[in-house]
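Take a moment with the sequence and the model before reading on. The tour below moves from one chain to another, one region at a time.

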Number of protein chains: 4
Amino acid sequence: MGNSFGHLFRVTTFGESHGGGVGVIIDGCPPQLEISAEEIQFELDRRRPGQSKITTPRRESDTCEILSGVFEGKTLGTPIMVLVRNKDARSQDYNEMAVKYRPSHADATYDAKYGIRNWQGGGRSSARETIGRVAAGAIAKKILKQVTGVDIVAYVKQVHDLEAQVDPDRVTLEDVEANIVRSPDPDFVERTIAAIEAARKQGDSLGGVVECVARSVPKGLGEPVFDKLEADLAKAIMSLPATKGFEIGSGFAGTRLTGHEHNDEFYADAEGNIRTHTNRSGGIQGGISNGEAIILRAAFKPTATIRKEQRTVTRDGQNTVLAAKGRHDPCVLPRAVPMVEAMVALVLCDHLLRHQAQCGTLTAADVSSSLNSPLAASPIA
Amino acid sequence: MGNSFGHLFRVTTFGESHGGGVGVIIDGCPPQLEISAEEIQFELDRRRPGQSKITTPRRESDTCEILSGVFEGKTLGTPIMVLVRNKDARSQDYNEMAVKYRPSHADATYDAKYGIRNWQGGGRSSARETIGRVAAGAIAKKILKQVTGVDIVAYVKQVHDLEAQVDPDRVTLEDVEANIVRSPDPDFVERTIAAIEAARKQGDSLGGVVECVARSVPKGLGEPVFDKLEADLAKAIMSLPATKGFEIGSGFAGTRLTGHEHNDEFYADAEGNIRTHTNRSGGIQGGISNGEAIILRAAFKPTATIRKEQRTVTRDGQNTVLAAKGRHDPCVLPRAVPMVEAMVALVLCDHLLRHQAQCGTLTAADVSSSLNSPLAASPIA
Amino acid sequence: MGNSFGHLFRVTTFGESHGGGVGVIIDGCPPQLEISAEEIQFELDRRRPGQSKITTPRRESDTCEILSGVFEGKTLGTPIMVLVRNKDARSQDYNEMAVKYRPSHADATYDAKYGIRNWQGGGRSSARETIGRVAAGAIAKKILKQVTGVDIVAYVKQVHDLEAQVDPDRVTLEDVEANIVRSPDPDFVERTIAAIEAARKQGDSLGGVVECVARSVPKGLGEPVFDKLEADLAKAIMSLPATKGFEIGSGFAGTRLTGHEHNDEFYADAEGNIRTHTNRSGGIQGGISNGEAIILRAAFKPTATIRKEQRTVTRDGQNTVLAAKGRHDPCVLPRAVPMVEAMVALVLCDHLLRHQAQCGTLTAADVSSSLNSPLAASPIA
Amino acid sequence: MGNSFGHLFRVTTFGESHGGGVGVIIDGCPPQLEISAEEIQFELDRRRPGQSKITTPRRESDTCEILSGVFEGKTLGTPIMVLVRNKDARSQDYNEMAVKYRPSHADATYDAKYGIRNWQGGGRSSARETIGRVAAGAIAKKILKQVTGVDIVAYVKQVHDLEAQVDPDRVTLEDVEANIVRSPDPDFVERTIAAIEAARKQGDSLGGVVECVARSVPKGLGEPVFDKLEADLAKAIMSLPATKGFEIGSGFAGTRLTGHEHNDEFYADAEGNIRTHTNRSGGIQGGISNGEAIILRAAFKPTATIRKEQRTVTRDGQNTVLAAKGRHDPCVLPRAVPMVEAMVALVLCDHLLRHQAQCGTLTAADVSSSLNSPLAASPIA
């Protein structure tokens, strides 16, 4: 039952890495939004394999097709179905893995749960599944941009023990897309490429951290109690393959400050907008956006499938060793960037519609006007 | 709409800190479970205010009443309603906060979202809301214990810059409850009490980290894709007040290992159970439990409401200062321990029922037998 | 899991007929709505037992208490909890029914499902559960009235073989409340009272039909495909105790017309509003409201619990007979009227918020303006 | 948001009549179920257009393709995606309807809601959408058959003023498929074919009633309060295009009996099973199945799109007339039979999994054993 996400802007993905295809149904999209396959393809191209020398050499064009929900270039308000057929599938690479479990991969747990699994590639646990998320995220981003001017940018913040210097208030999509690492710090990029290539040569892999900033988010998104904005963001991020941690604002480092050091003091700016001097809250207080930039981080473990030999067991419980064949990413971080953006966009878009349902329509004008007054307009009073 | 949690074992909480009361409806609880108000009260007493010199002196007995769903000591299978009336409410402490926003608190965002808020205490954003979660968690824990012997223990792992030494494989509830900090490391406890008392004297507050371990979890819980077990755990934890970060297994530190260093190699033990040599996965692979201990960490920021003076604004946008009155926790960590356990129990219980729905009934016997075979019994084949 | 209803305006009820109390949590209510316990009590008084000589003589004041979600007379946007304590419970009436199943009642099926049941009264299957629905419905009605002027009126249309003459375009709440049958046809009322009293004397019971009309519903409520407005109305009505059938517009009689006879031809009125000459559609076409009056009917079977002796079995499978004790309604129809109105209000209010989420805010002005133009304003374009 | 159905066995459909295709994602299907495209195609062939002289002559092979979720002939437990490409689309037939609203069709309400619509064919409101339901229903039927031997048969019970004589305890799929009307009464079939052909010649259309029986349903399916089995069945049926009414068991006719006449008296049979002498309840009491046959009826209005000229309006509000072109069913009843069966199967399968989640696994043995004892086994006690 776990293949859907979102309460109002609701996506349902399907597909295995080596089946007939992967894709997504998006239900709840507002009508009359202009959207084209090209706009979706732009985001898919950012996450597709074979895009550079530091990703997997597996070549898939990942060409998308919109099968429903769009008519004469505009959304109908009914389900949008986006399909990507599978192409470059070398199932024979996986013959050994059909019987030997890859350490720290989903092979063993899928078998334990279902008693059956598609052992060609990662099956349903493959990162190929994220195609549906990224396609849906492209539409969510466009809605957020049009309605309230929201701008979402993610980038690689850390790989192994290398860290990038980034100003989250100023980083742009162009900065990020300017290099194959997807990080705006040139020095970091250079050293990271070298580190990833070294890891690949050794048949090993590297992990790291993606940071994401969402700017111009209107005040008021998010709901008490369980559906706090950071709770839904955490779930969104931790549902991505290979994630091991999530932080909002000050994160774990914030636990080493006192309350007086940590609190974001308020002030009224020249126009009377209520702002905060600092942003350790990461743009969210009490589960609800406060109009400052939302900043979060996602920890990605090093890729589990590696060429180096490791101890493992066979499906029938015999001890053995495995040196994985197949074409795998030595570091998922560069391709994880559009995935993180997509998940953040899905959460924000869903909460935008939820807010609109209960508290009335937000428009671009509300982003600044909401800063002017603590009193939101109610649809009732 | 965000006041419910869980898909099958579904809880809905209600109540503000200074209204008529707080509580929870639990829907989907299996029938014929023996449960008493005393068992629920045991957990509520762990989280109630005024329990020790390092918590808020606000005195609430938090006595619970079961209004429905239990008959002659057993669950009926229909909704269980647990109510706790509010008692020790000194609303006058909040007169100033009715017009001045507490920095890093939910005051301003609730006003921005709803245009109205119950300014007495935290209103709906008060940690008092977690009473409903802890009550429901007591029932979830009992189900998990009876059906598959699951054992959930949380403890304070870090306060400010102090860290506890804990062995997650061996720590017990008794170890944790043996002191007012709720940590099994005596040296850490002593220094932490001193640190919290010092912070209180200064009108300041401290944050920290709660770690939680769930042992004897059966293999197979969790669902691809969005409802991965770690994703639902992350949402559960990040929905608790004051959380800023979540980690499963190796967490952010794991990003500094290579794949070969990080992977948990498999082996078959003497009985043929498939186990892992290490547990950097934290008991979950591909979103599904693998039978090893689930280990997670939650970062709690320092309490926002402090006596020290801070800059802020009034409801109508005037710059001012605030030194908060009222009786607040100088450090929420000791009281957060039962909250974290409750949220972990809710997630595991929900996924236990979900697994049972799709893949057949699990019993205590399945915990070990599931270790014996990678092939789960299907209800169909 | 089945004790919640609605996607955005979401109610969760709890309670058994003879436990500590019954009630409801309403999540998703818009903020700043003025609401008082008196307004809720008005509707509860319409459904309470003991209100007239043709209902059960069981006397319960059914006094409600608002425990959360309302502050200084206005909704907060957070969960509203309404509690009604149980009072006049004569459990001893049910001693025999603890071991003998009432024919056509829920006793046997609850035991079959759960292996346990609260045999005092109807337990969870008691119509007492509808208190929570009627309380929530009172709030839904107020929202619908304020936002778009929706007016919902139900009435008894048929009892046994007696039928009322009613003009659904003109019937008012005052007409309905003017007599104890809750029907605007005086001749029907008189004969119905006599029929119900005769049935009671014979230890028997009568069924019938409630008709409900919702006027001034804005165009555009309802969603393809599964959540068609009539589908959600059907579920709402068929979830009420004792219902056996549901009709919208022409209903079963409509199957005996040809398409040419049945279709509602369109015309543009003097103001350019698109209207229909007839209303066999019952105000809904393609699952979406068309601005005409919504008209539906609910069939209620005769009360199952009767004094007349019937064959039955004991809990352990022995053949026996039962002549039910206790104080039961000889005809549920008069008390079913507010229940039907409540369920219709819950569905319309939920769909109003859903429409607002996807397609932008509706206000009172939209009811007429929506009639003026086939082109709804989109929040996007 | 309304394009999904079911809580655990959850289907999401997509597609318009003249877009790229239609289909369904089925999430929550138990693993290891043997299923083939042929089994799904069998049901699709029962509902496809052009199958006989009394249906629309539109020719679509409606060939299905399984894109995910099935591996080596067995379900994986992950989403099953079934796609049917659109073929025989003559959009030019709809040029006139692009600007003129068909009376009693969804054209006008879709425009009112979304401000945009795919005017080629019915768009999303086309009965072509039910392909996804019928495909999912084929899988649900197989699960129900394998796990507990459930047998679902629907048939045409009434067309216009003609009624069939059918014994719901004995009717078989073979009886129903033996003729193009899909009714087991030969005399009725003959007269119905003549009536439909006459209506077609006149450019008119006919409605009617489909009855459906589900036999060998285990006791205990269905949930109080809102998700009563008959409530979910009602929603399922009323979500089908062109439905105007729903009845369970005695339906509206039951309102004309007294309680003593209507109640289903219990008896214990020779094996100690608790049975009822009659079945006016239609197999459901208190919202929960009682082990007797479930019997329901669905009223379908006459097809809205007819060749006879009718008054209508244009999209911009001008009065006009329309004589619809295109190839339409003069009577939808024969093709509605597999749709009704599919919806009943989806509801029962979902509730089977829900019951299993809360109350433990049901197997084929439980159907009879559940009849033996009023005490269900609990997963807990």
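In the hairpin of β17(D) and β18(D), which residue takes a positive phi? This is a predicted model, so the answer is read from a prediction. The residue is D:G317, with a phi near 85°. Five residues lie between the two strands of this hairpin. The strands themselves are β17 (residues 310-313) and β18 (residues 319-322) of chain D. They pair in the antiparallel sense, over four bridges. One of the paired positions is D:Q310, whose bridge partner in β18(D) is D:L322.

Stay in chain D and turn to strand β10 (residues 208-215). Eight of its eight residues are buried, so the rest of the structure largely encloses this strand. The residues point two ways. D:G208, D:V210, D:C212 and D:A214 point one way from β10(D). D:V209, D:E211, D:V213 and D:R215 point the other way, and they too are buried.

Which strands pair with β10(D)? One is strand β8 (residues 151-159) of chain D, which pairs with β10(D) in the antiparallel sense over eight bridges. There, D:D151 has D:R215 as its bridge partner. Another is strand β16 (residues 294-300) of chain D, joined to β10(D) by seven bridges and also antiparallel. In that pairing, D:C212 stands opposite D:L296.

Helix α1 (residues 37-47) of chain D comes next. Its buried residues are D:I40, D:Q41, D:E43, D:L44, D:R46 and D:R47. What covers them? The cover includes strands β4 (64-68) and β7 (80-85) of chain D. It also includes helices α3 (130-148), α4 (173-177) and α8 (333-359) of chain D.

Now move to chain B. Here five strands form an open sheet, in the order β1-β2-β3-β7-β4, with antiparallel pairing. The edge strands are β1 (4-5) and β4 (64-68) of chain B, and each pairs on one side only. Two bridges join β1(B) to strand β2 (residues 10-14) of chain B. Within that pair, B:S4 stands opposite B:T12.

Chain B also meets chain A. In this interface, 113 residues of chain B are in contact with 113 residues of chain A. The two chains bury about 9300 Å² between them, 58% of it on carbon and sulfur atoms. On the chain B side, B:K113, B:F226 and B:K244 lose the most area to chain A, together 10% of what that side buries.

What polar links cross this interface? There are 63 residue pairs in polar contact. There are also eight salt bridges. In one salt bridge, the side chains of A:D227 and B:K235 meet at 2.7 Å, N to O. Helix α2 (residues 107-114) of chain B gives the largest share of the side that touches chain A, seven residues. That side divides into 43 nonpolar, 41 polar and 29 charged residues.

Strands pair across the two chains as well. Strand β11 (residues 243-248) of chain A and strand β11 (residues 243-248) of chain B run antiparallel, joined by three bridges. In this pairing, A:F246 has B:F246 as its bridge partner.

Is A:Q285 buried or exposed? Its relative accessibility is 1%, so A:Q285 counts as buried. Beyond its neighbours within four places in sequence, A:Q285 is in contact with A:D264, A:F266, A:T276 and A:N290, among others. From chain B, its contacts are B:S104, B:H105, B:A106 and B:T109.

How values were computed
Residues are numbered from 1 along each chain as its sequence is written. Chains are lettered from A and ligands numbered from 1 in the order in which they are written. This is a predicted model: local features need pLDDT of at least 70, side-chain atom pairs count only at pLDDT 80 or more; totals for chains, interfaces and linings use all residues. Side-chain values use heavy atoms; hydrogens and water are left out. Buried means under 20% relative accessible area, exposed over 50%, partly exposed in between (1.4 Å probe, protein chains only). Contact means heavy atoms within 4.5 Å. Buried area is the accessible area (1.4 Å probe) that two parts lose on being put together, summed over both. A salt bridge is a side-chain nitrogen of Lys or Arg within 4 Å of a carboxyl oxygen of Asp or Glu. A polar contact is a pair of N or O atoms within 3.5 Å; within protein, one must be able to donate a hydrogen and the other to accept it, and residues adjacent in sequence count only if both atoms are side-chain atoms. Ala, Val, Leu, Ile, Met, Phe, Trp, Tyr, Cys and Pro count as nonpolar, Asp, Glu, Lys and Arg as charged, and the others, Gly among them, as polar. Two strands pair if DSSP finds at least two bridges between them.
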